[in-house]
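Reader: I am new to this structure and would like to ask about it piece by piece. Please keep the answers plain.

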Amino acid sequence: MNAPVQKAPMLSVREALDFLLEAARPVEQVETIPTLEANGRVLAADQLATIDVPSADNTQMDGYAVRAADCAGGSATLKVSQRIPAGSVGHELEPGTAARIFTGALIPPGADAVVMQEQAEAVGDSVTIHHAPRAGEWIRRKGEDISAGAVILPAGSRLRSQELGLAASSGLASLPVRRRLRVAVFFTGDELTMPGDVPPEGLKPGAIYNSNRFTLRGLLENFGCEISDFGIVPDSLEATRATLREAARENDLIITSGGVSVGEEDHIKPAVEAEGRLSMWQIAVKPGKPLAFGEVRRSNGDDGGSAFFLGLPGNPVSSFVTFLLFVRPFLLRLQGVTGQVEPKGYTVRADFDLPKGDRRNEFLRARLNAAGGLDLFPNQSSGVLTSTVWGDGLVDNPAGNRIAAGDLVRFIPFAELQY
């Protein structure tokens with residue numbers, strides 16, 4: 001009698017992530033582009049400040065530049081000797097005088113404090129100061145934000161609006177970035193059809209609209225990928241292999257949806273094994289579980305390299321969640337991000353009960369309520385896509401863990417996962 005086949009144990013979420021991130025090879029090609037066009041790109045080299053920021057001492061407030069010693073008594077009437085708007089340079093401030101000054105303007109020589117206009121009363125060509133300022137009050141010092149020559153943006157940074165502003169503040173008009181990631185997508189399943197091709201009343205029994213195409217393309221666009229969309233591929237080994245070969249030719253990564261289980265109509269596993277190599281994972285995650293990872297050769301017999309491959313489940317919530325948990329950090333590593341690529345989680349109060357935990361690490365769709373707690377979507381099925389629109393994020397619930405109202409749970413907002 002043959003011994004029963006032993007199933008490989010399911011990988012934990014942590015083990016699967018570690019495997020993916022260890023395997024990732026960042027794209028190597030670098031291009032220099034205008035800073036105005038660099039949003040979402042990944043820096044290829046450290047960026048150094050070219051100037052001090054601020055470049056000179058300036059005022060944080062509209063008010064009066066003074067010598068602090070002239071106002072030490074808490075009330076002083078001073079002659080207004082000059083007016084200094086932003087972009088102008090004043091002359092030296094004489095003792096017993098004040099300069100009318102506006103936010104961002106350079107501090108004139110001799111002045112060592114600024115009194116905000118709300119603490120002063122102007123009459124004619126004089127001003128009465130109702131405050132005893134300390135030296136340095138309301139003055140931004142030269143270089144207090146950035147010192148010339150300092151690294152302001154390290155290589156491997158993913159550029160957001162604030163990084164672009166920081167680069168611009170130092171005069172960096174262009175930035176070296178890694179090229180955009182090229183990602184191919186296709187979707188398997190003879191039951192799939194596209195909205196617009198068939199009206200709802202004309203859908204055949206068992207047919208469904210291909211929602212995953214819209215979800216996954218939208219997510220990839222959020223990450224600035226160049227997308228090659230091969231659409232819906234028929235459920236056959238030959239068609240799947242042919243599409244894999246075509247997709248591998250010009251792309252860094254291939255992502256599919258559906259066909260990653262082990263049924264007779266699931267052709268992804270044998271197709272990828274025939275065209276490259278595959279690590280077939282069963283991950284202890286819900287929703288999700290089946291996730292295929294491997295590589296597809298770019299050409300037979302030649303050293304043309306390979307494209308990475310990730311096969312996601314076909315159920316719409318499973319596809320969405322596995323992208324957020326596994327594809328997102330993998331994408332960021334491929335793009336060259338060197339820092340933290342995993343999302344931040346926050347401790348939040350559960351305002352719901354989960355009497356029984358699952359045997360897998362469960363990611364529950366939940367949303368924040370007005371009381372600062374979390375409400376749970378009542379149907380956590382992997383086919384209920386409305387839960388992803390209703391929710392604000394995912395509760396990361398460990399395997400076997402029960403939740404009672406009032407417990408603190410780890411919550412990952414969608415804002416941490418989709419960009």
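Reader: In which loop does Trp138 lie?

Author: This is a predicted model, in which local features need pLDDT of at least 70, side-chain atom pairs count only at pLDDT 80 or more, and totals for chains, interfaces and linings use all residues. Residues are numbered from 1 along each chain as its sequence is written, and side-chain values use heavy atoms, with hydrogens and water left out. Helices (H or I, at least four residues) and strands (E, at least two) are DSSP runs, numbered from the N terminus. On that numbering, Trp138 lies in the loop between strand S9 (126-129) and strand S10 (139-140).

Reader: Is Trp138 buried or exposed, or something in between?

Author: Buried means under 20% relative accessible area, exposed over 50%, and partly exposed in between (1.4 Å probe, protein chains only). The relative accessible area of Trp138 is 28%, so Trp138 is partly exposed.

Reader: What is the phi of Trp138?

Author: Most residues other than glycine have a negative phi. Trp138 is a residue other than glycine with a positive value, and its phi is near 60°.

Reader: Which value does phi take at Lys289?

Author: Lys289 lies in the loop between S19 and S20. At 25% relative accessibility, Lys289 counts as partly exposed. Its phi is positive in a residue other than glycine, near 75°.

Reader: What is omega for the peptide bond that joins Lys286 and Pro287?

Author: Most peptide bonds are trans. Pro287 lies in the loop between strand S19 (285-286) and S20. The bond joining Lys286 and Pro287 is cis, with omega about 0°.

Reader: And what is omega for the bond from Val53 to Pro54?

Author: Pro54 has its place in the loop between strand S2 (47-48) and strand S3 (58-59). The peptide bond from Val53 to Pro54 is cis, and its omega is near -5°.

Reader: Which residues is Ser318 in contact with, leaving aside its neighbours within four places in sequence?

Author: Ser318 has its place in helix H6 (residues 316-335). With 3% relative accessibility, Ser318 counts as buried. Contact means heavy atoms within 4.5 Å. Leaving aside neighbours within four places in sequence, the contacts of Ser318 are Pro287, Gly288, Pro313 and Ser382.

Reader: Why is the protein chain called more spread out than a compact globule?

Author: The secondary structure of the protein chain comes to 8 helices and 26 strands. The radius of gyration is taken over C-alpha atoms, and the globule rule is 2.2 Å times the number of residues to the power 0.38. For 419 residues the rule gives 22 Å, and the chain is more spread out than a compact globule because its radius of gyration is well over that, at 30 Å.

Reader: What share of the 419 residues is buried?

Author: The C-alpha atoms of the protein chain fill a box of roughly 105 × 55 × 50 Å, taken along the principal axes. Among contacts with a separation of 6 or more, residues 24 or more positions apart account for 70%. Buried residues make up 46%.
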